[in-house]
Amino acid sequence: MYRCKFYKGDYRERQEQANADRCAAYVEHHFNSSTSPSASYAVVITGANASQTSRNWGRWYAQAVAREFNLSAGGDQGILVGGFDGRGDFNLRFTDMPAILLEPLFASNPRQAEWIRNDDGQARLARILCDSIRRFFQSGGLVGFSVGHKYKRSAPNDRGAAVVGGGWEADYAEQVLLKAQAMLEEVVAPQREREIQVFAGEEILFRQVIDVDADVTWDGVRGVLRIDRAVPTVEPRSAPRSPAAPKTRPRGKRTRPSKARRTRRGRE
Ligand SMILES: [Zn+2]
């Protein structure tokens, strides 16, 4: 249901081609860099003219990277609208579709550079990007990918920042996008149910559909993941048995109830 296409040439050209192809979403991948080796946060740039979808998508991605790698989210809750002093804005402002520029980790931070350079770290980043696209673009479509720095007509040798331990920002960013492409192009159906998953590396050990209203808590000390249903399956004993009482439902956007849910509701 998803197809990914890599766009090359100068940044404006890439965006115009993605518009002509009617991409559903557009992603440019970079890594951050600083003169301070301890600099550490995940951030996403959006264009100054970004839609609310771009902003929400960017925040979702940056905050997921921050949780995955135990970092903070930079900028305004994970996003910098309009870029670093305008830098980054031109990479996105010509797009007609939601578009984000990723700066998930620092190439200048020795610990993070290791994640950038190794397969497992790249796969974790690719998984988050893939999940974010599935979450925000549920009906699928063409996803435009742009490798930051690389393949520019105006500066064909640019590869971005040097990565501690060897290699260049753009080459590793390309590896992450290739991994995300493989993951996205394997997706066969939209995610219609809320699901929890347990991963060991890229291997899924456990997968379970849970109630969309359930509260999930993780106790790392006891090693217990508790799933509490917010919607009780039986009426509490103290509840008045009035058949006329209207059923209350939580406010907010709801997904279509699953079959199992409808069956259960029917017994209430
Ligand atoms: Zn860059």
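A crossing of two helices is called left-handed if the near helix is turned anticlockwise from the far one by less than a right angle, and right-handed if it is turned clockwise. The structure examined here is a predicted model, in which local features need pLDDT of at least 70 and side-chain atom pairs count only at pLDDT 80 or more, while totals for chains, interfaces and linings use all residues. Residues are numbered from 1 along each chain as its sequence is written. Helices (H or I, at least four residues) and strands (E, at least two) are DSSP runs, numbered from the N terminus.

In the sense defined above, H4 passes H5 in a right-handed crossing. Helix H4 (residues 119-136) and H5 pack at an angle of about 50°, with their axes 8 Å apart; axes are lines fitted to C-alpha atoms, for helices over the stretch in contact, and angles run from 0 to 180 degrees between N-to-C directions. The two helices H4 and H5 are therefore oblique to each other, given that angles under 35 degrees count as roughly parallel, over 145 as roughly antiparallel, 65 to 115 as roughly perpendicular and the rest as oblique. Residues taking part in the contact include Leu125, Leu129 and Ile133 of H4 and Val176, Ala180 and Met183 of H5, where contact requires C-beta atoms, placed from the backbone, to lie within 7 Å.

Six strands, in the order E1-E8-E2-E7-E3-E4, form an open sheet with mixed pairing; two strands pair if DSSP finds at least two bridges between them. Strand E1 (2-6) and E4 stand at the edges with a single partner strand each, so one side of each is left without a neighbour in the sheet. On average, and with direction ignored, neighbouring strands of this sheet are turned by 25° against each other. Within the sheet, strand E2 (residues 25-29) and strand E7 (residues 99-103) pair in the parallel sense over four bridges, and His29 stands opposite Leu102 in E7. Helix H2 packs on the sheet, where H2 touches strand E3 (43-46), E4 and E7, and the direction of H2 makes about 165° with that of E3.

Most residues other than glycine have a negative phi. Asn70, in the loop between helix H2 (52-69) and strand E4 (79-81), has a positive phi near 60°, and Asn70 counts as exposed, with 7 C-beta neighbours inside 10 Å. Tyr151, in the loop between strand E8 (141-147) and helix H5 (169-186), has a positive phi near 70° and is partly exposed, with 18 other C-beta atoms within 10 Å. By these terms, a residue is buried if 20 or more other C-beta atoms, placed from the backbone, lie within 10 Å of its own, exposed if 12 or fewer, and partly exposed in between.

Conventions: Two residues are in contact if their C-beta atoms, placed from the backbone, lie within 7 Å.
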